[in-house]
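Reader: I'm new to this one and would like a close look at a single part of it. Could you start there and then take me through the rest?

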Amino acid sequence: MWHLIRRIAPNLRCKPFIGSSNSDPARTRHYYTSVVAPRQSGASTGLYGFDHLKSPNGFQRFVDEAIERSTELVSYISAMPESSEIIRAMDEISDTVCSVVDSAELCRNTHPDREFVEEANKASMRINEYLHYLNTNHTLYDAVRKAEQENHLLTEEAQRAAHYLRVDFERGGIHLSADKLDRVNQLNIEISQLCREFNENIIIDPGSVDIFPSSRMPKSVHHLLKPIYRSTPGILRETVLPRDTMKEKGFRITTDPQNLSSVLQHVSDDEVRKMAYIQGNSVPVANLGILDKLIATRHELAQIMGYRSYAEFTMKPNMASSPAVVMSFLHEIGKMVRPRADEEFRKIRDFKREKSGRESGDLEPWDEAYYTALMKSSTYNLDSSVVASYFPLPQCIEGLKVMVESLFGATFHSIPLAPGESWHEDVLKLSLHHPEEGDLGYLYLDLYSRKGKYPGFAHFAIKGGRRISETEYQLPVVALVCNFSGSRNSSTARLNHWELETLFHEFGHALHSLLSRTDYQHFSGTRVVLDLAETPSNLFEYFAWDYRVLKTFARHYSTGEIIPEKLVKSMQGARKMFAATELQRQIFYALIDQTLFGEQPATPRDTSSIVADLKRQYTSWNHVEGTHWQTRFNHLLNYGAGYYSYLYAKCFAATIWQKLCREDPLSLTTGTALRTILLQHGGAREPASLLNGLVGEGILRHCNGGIVPDITSLCEEMKLGENI
């Protein structure tokens, strides 16, 4: 993929002191005219407002026109205009191509019409072929180098754009010999294909377990299960002859991650949990081979590019800068969390033994969710259905609107979708409007689960923001894709708190995009270095736990009662009970990612043995032989060697919350600082300067040539390092 495309891929999911800054909140820039404007409800258009996408075949013309316009711009650049015009034209090429890539990606993951999906797949493959042509275009590369070297660019952002465009070209191998460059291009195509197959296999093969009799499954999960029947021959009392065959009812558990999570938490039958766990963590088998190929292909690519590993290649442009810096950070935080995580493990094991009436017995991986849920509910008298009764989905959306208006003085308005613009009847469209600045951007909400849809929660870019002229600004357009139960016309959609937290997380990504005001779409919103990208989303998770925020929207679905503060305190207490175990899990995931894409041994090891060894080394939990959890850990695709960035974000967010947001999380002062010092700059400024500017010193530190987060705030929050 062309490296001018810098954006967050779908997430399977992912603190009033104002620090010193050169940014003046009073000097917020105003933009008057939008290129992307809401259409009149009667005017027909295509998907996402693109006229070409009125029909599946429209993707062909969409690609054609993107290539035609980009080719015109390549010709213009080849004449070597002024440096500023070179960078502006390069950004327009990027914007033009991104529109196709991002629209196809969203369509492939959400559209219920198979024909649209197939045409989006074709468009994705065609535009990727063109991207490889652009990646290897020496005219463009030479022009970008000229713009950077002449140093005639008038703004810091333009100079930064020239630098990163040149670096991105070189990371695509343009400076290599012809044969090496051909091999790099071939490897990039193979990597794209392997990633696509990996994701498709997760959807195609979620696994299933049949449970008989049906009484083994609690009613609370029946809505997730498929009723099945089997024949059971009965015996008449008066004779040995078989009587009519009877039908025994059971349930089929489809062990996709969402269903599996519910089953492991709510089913008391140990054997059912074990069967579901093993099956859910043993599919898809086909991805074992695909992951091996992906590791080998990425490793070969990195070595051609002059790096010892894919991890080293990936991290070079990030704040961390090297695998050594990341591993030292992971070991530091892992060592800090281990004593408390081990203590939590012992408490869960002892609780299981007490409940089962056995003085001995191991704690197994399929026990964790069930027994921790029991321990939380018994300690804090929590009932998940009672908690969910305060979070009807429509009210949660209203809560997000209230938060945005309080923080940023901007309001979300529902606007009608033009005929042809939507891909499903449940989709909503919102505009973010500021009373002085006008519309700031547009947000599609695709909130409900349905067959064939991307199964997780994700933020998809459709259009990045960029300056067209002194009076015109192309507004950002994004989509949030969720998988809540119910439908738009249903009054029963109520969220558990984990779902609410996830909604706030993804909304953090959306706000990063919508509030961005960069001159170049190359830096718009979430198009930042990987180890900064998850910071806003992690920060907004804190708002989902704060009573001052929750009381603005969390009301009982039938009585209208505001959520009691005592209940929220119980939820907060329950959250902290096993926080070290959860943090240790994230460290473990990051270590798997670093190891799989790190330096490779002379004799390759199978990924399952690597995962098993790391689990034994860094946690107290058993590895179940024969399982291969990593075959549906698709963060290995989008965040290959970059999963550590979630932990960076967790630390950065803890510091920002503590130093900036915690005293008054809904104040305009807090929101103005977040917007003007961090969010509006996207990737247009150095990430370390953004973070230091927001909260001052004490959010990061330099380590062996790279940057690591300061872990003090997170450790204080989790009470790590204290006597247990």
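Where is the place of Pro213?

Author: One thing before we start: this is a predicted model. Pro213 sits in the loop between β2 and β3. The peptide bond that joins Phe212 to Pro213 is cis, with omega at about -10 degrees. Why point that out? Most peptide bonds are trans.

Now look at the strands on either side of that loop. β2 and β3 belong to an open sheet of three strands, in the order β2-β4-β3, with antiparallel pairing. The edges are β2 (208-211) and β3 (226-232), each of which pairs on one side only. Neighbouring strands here are turned by 35 degrees against each other on average, ignoring direction. If you follow β3 across to β4 (residues 246-254), you'll find seven bridges, and the two strands run in the antiparallel sense. For a pair to look up on screen, take Pro227, whose bridge partner in β4 is Phe251.

There's another cis peptide bond to visit, between Val283 and Pro284, with omega at about -15 degrees. Pro284 is also in a loop, the one between α8 (270-280) and α9 (286-304).

Ser321 has a positive phi of about 75 degrees, although it isn't a glycine. Here's the background: most residues other than glycine have a negative phi. Helix α11 itself covers residues 323-356, and it isn't straight: there is a kink of about 40 degrees at Arg338, shortly before the proline Pro339. After α11 comes Gly357, and its phi is positive too, near 75 degrees. Lys719 is a further case of a positive phi in a residue other than glycine, with a value near 55 degrees. You'll find Lys719 in the segment after α26 (712-718). Lys719 counts as partly exposed because its relative accessibility is 42%.

Back to sheets, then. Another open sheet has five strands, in the order β5-β6-β7-β11-β8, and its pairing is mixed. Its edge strands are β5 (411-414) and β8 (458-463), each pairing on one side only. From one strand to the next, the twist averages 30 degrees. Inside this sheet, β6 (residues 428-434) and β7 (residues 438-448) run antiparallel and are joined by seven bridges.

Let's turn to a pair of helices. Two packed helices are described by the angle between their axes and the distance between the axes. For α1 (residues 58-78) and α3 (residues 114-135), the axes come within 9 Å and cross at roughly 15 degrees. Angles under 35 degrees count as roughly parallel, so α1 is roughly parallel to α3. The crossing in which α1 passes α3 is right-handed.

A disulfide needs a pair of cysteine sulfur atoms within 2.5 Å. For Cys195, the closest cysteine sulfur is in Cys98, and at 18 Å that is too far for a bond. For Cys715, the closest cysteine sulfur is in Cys651, at 7.4 Å, which is also too far for a bond. Both of these cysteines are out of the way: Cys195 is buried, with a relative accessible area of 15%, and Cys715 counts as buried at 8% relative accessibility.

One last stop is Thr581, in helix α20 (residues 579-596). Thr581 counts as buried because its relative accessibility is 5%, and the cut-off for buried is under 20%. If you'd like a distance to check on screen, the C-alpha atoms of Thr581 and Gly486 are separated by 32 Å, and these residues are 95 apart along the chain.

To come back to where you started: Pro213 lies in the loop between β2 and β3, and a cis peptide bond joins Pro213 to Phe212.

How values were computed:
Residues are numbered from 1 along each chain as its sequence is written. This is a predicted model: local features need pLDDT of at least 70, side-chain atom pairs count only at pLDDT 80 or more; totals for chains, interfaces and linings use all residues. Side-chain values use heavy atoms; hydrogens and water are left out. Two strands pair if DSSP finds at least two bridges between them. Helices (H or I, at least four residues) and strands (E, at least two) are DSSP runs, numbered from the N terminus. Axes are lines fitted to C-alpha atoms, for helices over the stretch in contact, and angles run from 0 to 180 degrees between N-to-C directions. The bend at a residue is the angle between axes fitted to the seven residues ending there and the seven starting there. Buried means under 20% relative accessible area, exposed over 50%, partly exposed in between (1.4 Å probe, protein chains only). Angles under 35 degrees count as roughly parallel, over 145 as roughly antiparallel, 65 to 115 as roughly perpendicular and the rest as oblique. A crossing is left-handed if the near helix is turned anticlockwise from the far one by less than a right angle, and right-handed if clockwise.
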